[in-house]
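Q: I am new to this structure and would like to learn how to read it. Could we go through its features one by one?

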Amino acid sequence: MTRIPPRRARTLAALAAGALLITACSTAGTGSDDAAPDPGTGHLHGLGVDPADSAVYAAGHHGVFRLDGGKVTRVADRYQDTMGFTVTGPSTFLASGHPSPADPDARSPHLGLIRSMDAGRTWQTLSAEGEADFHALVQAGDVLYGFDSQSSKLWASTDAGRSWDRRAQLPALDLAAHPATPTTVWAATGTGLERSTDGGRTFRPDTAAPALVAVEEPRSGLLVGLSADGRVLTGRSGGPWTQLGRLPAGGGATVLTAVSTRWLLAADSTDTVYDSRDGGRTWKVLHRPATGQEHP
């Protein structure tokens with residue numbers, strides 16, 4: 001009979017307890033089994049551009065993917081369930097979520113905050129392993145903000161994600177902040193837009209804003225948002241909002257990333273990735289999943 005050390009036993013128990021949660025966040029647990037069909041990206045939660053080579057990356061339930069010339073490649077054959085994702089520098093990514101159920105090295109159902117400095121090929125844990133599941137991450141100068149789905153709280157870090165301060169609780173779907181004004185934080189809730197001017201400690205509704213599922217602040221004070229029906233809108237605090245364009249598929253919009261005021265990336269509930277180079281007025285498809293791989 002093999003005796004399992006107490007620490008290992010606790011780890012296995014934690015993984016077992018988190019299995020249902022992982023299943024809820026990820027539609028299909030899979031590894032690199034050649035006998036099974038590739039599940040594709042899974043539901044997409046993040047998009048970004050690596051400034052090292054301007055390559056587009058998409059983060060989903062079945063890994064982090066490089067989109068290049070119409071080809072979609074899972075980075076390093078890793079199947080981690082990537083729920084939060086942001087690019088913070090050349091080849092430098094931050095992420096959160098859950099390990100692949102087939103990962104033999106998994107120590108917890110929650111990855112906490114992890115970082116890659118080689119464009120997603122390898123990752124290291126920075127903090128909150130086993131505790132936080134960040135569904136939104138945004139870097140604003142020296143402040144990193146994360147929305148933890150476990151506590152429904154905004155977390156803030158001033159030491160690159162190594163330690164955190166828990167702040168306001170709210171139903172956020174996405175976060176936005178700008179390096180020039182890092183104490184101003186925006187939270188898209190799906191039914192509206194919330195604004196904080198004290199670093200996420202308190203929020204108030206911006207009553208002039210439309211219902212948004214995603215929001216970006218590509219220039220200080222200038223907001224770009226995405227509605228659930230695929231409209232791309234822009235506005236400022238307390239001011240009127242203008243529709244810039246619309247995603248080609250219309251409804252089911254889920255993700256928006258502003259690489260700049262002109263270059264936007266978006267995704268919808270079919271896990272299709274779109275690209276705009278004119279500030280959201282027109283869009284082209286960067287990636288459309290194969291039949292049978294769409295997220296339900």
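Q: How many residues does the largest nonpolar core have, and which have the most contacts inside it?
A: This is a predicted model. Its largest nonpolar core has 16 residues. Tyr-145, Leu-175 and Phe-203 have the most contacts inside this core.

Q: Which elements give two or more residues to this core?
A: They are strands E9 (134-140), E10 (143-148), E11 (153-157), E13 (174-178) and E14 (181-188).

Q: What is Phe-203 in contact with, leaving aside its neighbours within four places in sequence?
A: Contact here means heavy atoms within 4.5 Å. On that basis Phe-203 touches Leu-154, Ala-168, Leu-170, Val-185, Ala-187, Glu-194, Arg-195 and Ser-196. Another core, of 14 residues, lies apart from the largest one. Val-213, Val-224, Leu-264 and Ala-266 are among the residues of that other core.

Q: How do I read a sheet, and in what order do the strands of the sheet with E9 and E10 come?
A: Strands of a sheet pair through backbone hydrogen bonds, in a parallel or an antiparallel way. Here the order is E9-E10-E11-E12, in an open sheet with antiparallel pairing. E9 and E12 (165-169) are the edge strands, each pairing on one side only. On average, neighbouring strands of this sheet are turned by 25° against each other, direction ignored.

Q: How many bridges join E9 to E10?
A: Six bridges join these antiparallel strands.

Q: What does the hairpin of E3 and E4 have between its strands?
A: Two residues lie between them, and Gly-69 takes a positive phi near 60° in this hairpin. E3 (residues 63-68) and E4 (residues 71-74) are antiparallel and pair over four bridges. Asp-68 stands opposite Lys-71 in E4.

Q: Which residues lie nearest the centre of the largest pocket?
A: Thr-86, Leu-137, Glu-216, Leu-256 and Thr-257 do, out of 40 residues that line this pocket. The space in the largest pocket is about 1,000 Å³. Strands E1 (44-50), E5 (81-89), E9, E13, E17 (214-219) and E21 each supply at least two residues of its lining.

Methods:
Residues are numbered from 1 along each chain as its sequence is written. This is a predicted model: local features need pLDDT of at least 70, side-chain atom pairs count only at pLDDT 80 or more; totals for chains, interfaces and linings use all residues. Side-chain values use heavy atoms; hydrogens and water are left out. Two strands pair if DSSP finds at least two bridges between them. A nonpolar core is a set of buried Ala, Val, Leu, Ile, Met, Phe, Trp, Tyr and Cys residues joined through side-chain atoms within 4.5 Å. Buried means under 20% relative accessible area, exposed over 50%, partly exposed in between (1.4 Å probe, protein chains only). On a 1 Å grid over the protein atoms alone, a cavity is a set of points where a 1.4 Å probe fits but cannot get out, and a pocket is an open set with protein on both sides within 12 Å along at least five of seven lines; lining residues have an atom within 4 Å of a point. Grid points are joined across faces, edges and corners, and a volume is the space filled by probe spheres set on the points. Axes are lines fitted to C-alpha atoms, for helices over the stretch in contact, and angles run from 0 to 180 degrees between N-to-C directions.
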